[in-house]
Structures are given as structure tokens and as C-alpha cells.
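Please examine the sequence and the model displayed here before reading on. The explanation that follows leads through the strands and then the helices.

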Amino acid sequence: MNLNSNVTLLETVFVQEVDEEMILLDTNTQKYFSLDEVGAIFYHFLEEEEDLNVIVKELSEHFSKDEKVIENDLLHFLVALQEKGLVKVT
């Protein structure tokens with residue numbers, strides 16, 4: 001996976017915000033996953049933008065962090081979502 005990958009949020013995942021975290025329910029498996037505040041922010045950016053390069057730039061500005069740090073964090077986040085079957089990466 002890299003910044004040129006395409007990430008698709010699956011329609012079978014129900015998303016609900018509760019306080020400062022986000023709950024993701026896989027309606028196929030009935031398993032749920034929670035994202036902390038940072039994970040929820042990452043997820044919101046994925047909902048709004050498809051280009052990972054753009055997301056890295058926007059997150060870098062949002063958190064005032066180096067783009068390489070954000071890129072690494074975002075890719076690890078996406079791998080975790082992919083392993084749980086919550087996104088499709090091509």
C-alpha cells in the first residue's frame with residue numbers, strides 16, 4: 001500500500017460518532033470497532049477525499065506535523081482497517 005493506492009470505504013460498514021470516538025460496525029460480521037479521536041479525524045478525511053496525497057497534506061496542516069510522519073501514520077491506519085475488512089484497498 002502507498003499513497004497512490006485507492007481506498008474504498010465499504011457500504012457494509014455503519015459509522016456512528018459517540019462523544020470523541022467513532023464506532024464502526026461491520027454489518028456482515030456484526031463486529032464493531034472503535035476509533036479514538038485521531039482515528040476519527042483520519043476517517044473523516046477519508047470520507048471527504050479520495051486522493052491519499054491530498055489527505056496527507058490536509059492532515060499535516062491539521063495536526064501541524066511533518067508530512068512523512070502523517071503519511072506513515074495514515075498508511076498504518078489504513079492497513080489496520082483493511083485487515084479488519086473495513087475498507088478495500090486497490
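**From the strands to the helices**

Strands S3 and S4 run antiparallel and are joined by five bridges; two strands count as paired if DSSP finds at least two bridges between them. Helices (H or I, at least four residues) and strands (E, at least two) are DSSP runs, numbered from the N terminus. The model is a predicted one, in which local features need pLDDT of at least 70, side-chain atom pairs count only at pLDDT 80 or more, and totals for chains, interfaces and linings use all residues. Residues are numbered from 1 along each chain as its sequence is written, and side-chain values use heavy atoms, with hydrogens and water left out.

Buried means under 20% relative accessible area, exposed over 50%, and partly exposed in between (1.4 Å probe, protein chains only).

Helix H1 comprises residues 37–48. Its buried residues include Gly-39, Ile-41, Phe-42 and Phe-45. Among the elements that cover the buried residues of H1 are strands S1, S2, S3 and S4 and helices H2 and H3, where contact means heavy atoms within 4.5 Å.

Helix H3 has 17 residues, which at 1.5 Å a residue should span 24 Å; its end C-alpha atoms are 24 Å apart, which agrees. The expected span is 1.5 Å times one less than the number of residues in the helix. Buried in H3 are Ile-70, Glu-71, Leu-74, Leu-75, Phe-77, Leu-78 and Leu-81. They cover an arc of only 160° around the axis, which puts them on the same side of H3; the arc is that of the directions from the helix axis to the C-beta atoms. An α-helix has 3.6 residues a turn, so residues three or four places apart point the same way. The face of H3 turned away from the buried side carries the exposed residues Lys-68, His-76 and Glu-83. After H3 comes Gly-85, whose phi is positive, near 75°.
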